[in-house]
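I opened this entry to record what I looked up in the structure. The notes follow the order in which I went through it.

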Amino acid sequence: MIISCSFSVEIGESVRGEDVYIIQSGCGEINDNLMELLIMINACKIASSSRVTAVIPCFPYARQDKKDKSRAPISAKLVANMLSVAGADHIITMDLHASQIQGFFDIPVDNLYAEPAVLQWIKENIPEWRNCIIVSPDAGGAKRVTSIADRLNVEFALIHKERKKANEVDRMVLVGDVKDRVAILVDDMADTCGTICHAADKLMSAGATKVYAILTHGIFSGPALSRINNASFEAVVVTNTIPQEEKMKHCPKIQFIDISMILAEAIRRTHNGESVSYLFSHVPL
């Protein structure tokens, strides 16, 4: 059976000569949301707006950023092309899965970081943060983890994982000493949560006193919520680049960091022609 679905967009007031910002995150019905964003960008562009900026807190298809096996698509590049062709003049996003995705665009891209908000949350909500260790659940996140560890003046560790196939972890090896410390797992996103839940068990068995997980994008698909509920986390902290209200009802361990002020300040600075780099290391008041 073929189901036809189409979107019709009509801008309710004049945008002629205006600086337009369209906010749409890559979550939920991701393909519908992406198509809606593309049509809205095009509608504003042909309505003679001076500039159209797409604010995409969670960039769709960001994990498909390279050809990792034969005949695999590079979907992140395709999404970048679609946004440019639709008429976007500027992209604002947060914690891209790989920073190189910015190079897929021929238009300016501001990749904001959740790191300042994460540092603030750690200092305000983990009393023993001076005796913590920042842990990356895979080797790819080492740069992110070392940056946070340096700014907190604590040590870091990483977990090397070997996958049998996508979303299934075969074996984990911990590199670093977590004994008698609070372990804080940091990653850019969690989908089915198999990796971070295995990592939490590994850290507890290695002698960690508590385990927290801090993630920028909490996708939480499939068995993710039940896995978190059964895992040994004190809390799983995510930003609200993806709405989490419904998931928090089913999983009391999930907490969120509000990043709306970071995006709002980025929009204000962009509109006024000010530098956005201040937001890479500070949380706006």
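Predicted model: local features only at pLDDT ≥ 70, side-chain atom pairs only at ≥ 80, totals over all residues.

By name they are Q24, S25, G26, I30, N33, L34, L37, I56 and P60. The space in the largest cavity comes to about 40 Å³. I searched the whole structure for cavities of 30 Å³ or more, and the search returned 1.

Next I looked at where α1 sits. Helix α1 covers residues 30–46 and lies across β1 and β2. I noted its direction against β2 as about 165 degrees.

That took me to the sheet. I found an open sheet of 4 strands, ordered β1-β2-β3-β4, with parallel pairing.

I checked one pairing in detail. Strand β2, residues 51–56, pairs with strand β3, residues 90–94, in the parallel sense, and I recorded 4 bridges between them. Within this pairing I looked up T53 and found that T53 stands opposite H90 in β3.

I moved on to the second largest pocket, for which I noted a volume of about 210 Å³. There are 14 lining residues, and the closest to the pocket centre are I23, P57, N240, T241 and L263. Which helix supplies the largest share of this lining? Helix α8, residues 260–271, supplies 4 residues. By type, the lining of the second largest pocket splits into 8 nonpolar, 5 polar and 1 charged.

Last, I turned to the record. UniProt, in an unreviewed entry, places the feature "domain: Ribose-phosphate pyrophosphokinase N-terminal" at residues 7–87. I looked up the make-up of residues 7–87 in the model and noted 36% helix and 14% strand. The end C-alpha atoms of this stretch are 17 Å apart.

Note on methods
Residues numbered from 1 in each chain as written. Heavy atoms only, no water. Pairing = 2+ DSSP bridges. Helix = DSSP H or I, 4+ residues; strand = E, 2+ residues; numbered from the N terminus. Contact = heavy atoms within 4.5 Å. Axes fitted to C-alpha atoms, helices over the stretch in contact; angles between N-to-C directions. 1 Å grid on protein atoms, 1.4 Å probe; cavity = no way out; pocket = protein on both sides within 12 Å on 5 of 7 lines; lining within 4 Å. Points joined across faces, edges and corners; volume = space filled by probe spheres on them. Nonpolar A, V, L, I, M, F, W, Y, C, P; charged D, E, K, R; others polar. UniProt positions renumbered as here; feature names shortened; annotations may be inferred.
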